[in-house]
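User: I would like to learn how to read the sheet, the core and the pockets of a model such as this one. Could you take me through them in turn?

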Amino acid sequence: MGTVHIQGGKGIHQIHSALDVGYRVLDTATGYNNEGMVGEAVRSSFIPREQLYVSDKLPGLAHQYDKAIALIQESLYRTGLDYFDKYLIHWPNPKEELYVEAWQALVNAQKYGLIKTIGVSNFLPEHLDNIIEATGITPATNQIERHPYFNNKDLIAENDKRGILSEAWSPFGREINDTLTNATIKEIAKKYDRSPAQVILNWDNQHHVFPVVRSASQKHQYDNFHYLDFELAQEDMDKIDALDQGEKGRIEGQNPNEYEEFI
């Protein structure tokens with residue numbers, strides 16, 4: 001469950017609702033300004049901590065090694081947790097050229113026991129190769145933009161080649177496009193008697209991509225959670241693949257080489 005734009009007491013209620021449905025993975029970031037809320041939701045939950053998987057992200061303002069180590073600790077204090085199950089570098093910020101330093105901080109924070117698994121987000125192949133060459137450590141995951149209008153298949157192939165799991169943020173493309181009302185996807189959903197969201201999430205799964213999806217209502221949380229009990233035929237997978245618009249389909253302003261992180 002993604003937690004971007006979820007805050008305060010309402011956010012705690014939404015997370016508890018998702019946990020009731022069966023979600024166990026929670027994705028947050030310092031830049032979401034809700035680490036305290038996520039931590040409170042975890043601590044006040046009926047689910048034992050060891051059964052939950054909490055992922056956080058390092059912002060661009062803390063790519064310097066000492067700042068990164070300090071902010072990881074600070075984020076743990078904010079959440080009230082003893083460790084993160086996973087921690088990512090949010091963006092490579094290549095213009096600053098500090099992401100290798102940030103990666104070394106994550107490598108060491110893992111050794112210190114602050115983090116169990118380390119990964120990155122929005123990294124391109126050259127960024128991946130630079131951090132792997134510098135440290136000898138390969139990220140477990142790379143969380144990237146991925147939805148039917150921008151399937152990002154080349155980057156997914158590069159992740160696969162390095163043994164990195166691809167995660168899809170905003171797998172429905174946010175509110176700026178119409179993937180959930182797209183005629184092709186609706187037709188496929190009708191064929192399987194499923195929701196368009198379930199079709200898209202299964203498309204990700206069958207491409208070995210892990211989707212991070214956010215929903216406020218328990219009904220949508222339920223639909224988004226129960227998508228693994230059917231399989232799309234290859235012809236339907238191909239139809240969704242064909243919706244790709246390349247760079248035109250990318251969410252505006254999200255190119256890792258062009259985006260200058262402001263947090």
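Analyst: Let us begin with pairing, bearing in mind that this is a predicted model. Two strands count as a pair if DSSP finds at least two bridges between them. Strand 4 (residues 115-121) and strand 5 (residues 141-145) are joined by 2 bridges and run parallel, and Val120 stands opposite Asn142 in strand 5.

User: In what order do the strands of the open sheet lie, and is the pairing parallel or antiparallel?

Analyst: In general, strands of a sheet pair through backbone hydrogen bonds, in either a parallel or an antiparallel way. Here 7 strands form an open sheet in the order 1-2-3-4-5-6-7, with parallel pairing. Strand 1 (25-27) and strand 7 (209-212) each have a single partner strand and stand at the edges, so one side of each is left without a neighbour in the sheet. From one strand to the next, the twist averages 30 degrees.

User: Which residues touch the most other members of the largest nonpolar core?

Analyst: A nonpolar core is a set of buried residues of nonpolar kinds joined through side-chain atoms within 4.5 Å. The largest one has 60 residues, of which Ile15, Leu58, Trp103, Leu106, Ile115 and Leu232 touch the most other members. Helix 4 (residues 99-112) supplies the largest share of this core, 7 residues. Apart from it lies another core, of 6 residues, including Leu155 and Val209.

User: Which element gives the most to the lining of the second largest pocket?

Analyst: Strand 7 does, with 4 residues. This pocket, with a volume of about 290 Å³, is lined by 17 residues, and Tyr23, Phe210, Pro211, Phe225 and Tyr227 lie nearest its centre.

Methods: Residues numbered from 1 in each chain as written. Predicted model: local features only at pLDDT ≥ 70, side-chain atom pairs only at ≥ 80, totals over all residues. Heavy atoms only, no water. Axes fitted to C-alpha atoms, helices over the stretch in contact; angles between N-to-C directions. Buried < 20%, exposed > 50% of the residue type's maximum accessible area, 1.4 Å probe, protein only. 1 Å grid on protein atoms, 1.4 Å probe; cavity = no way out; pocket = protein on both sides within 12 Å on 5 of 7 lines; lining within 4 Å. Points joined across faces, edges and corners; volume = space filled by probe spheres on them.
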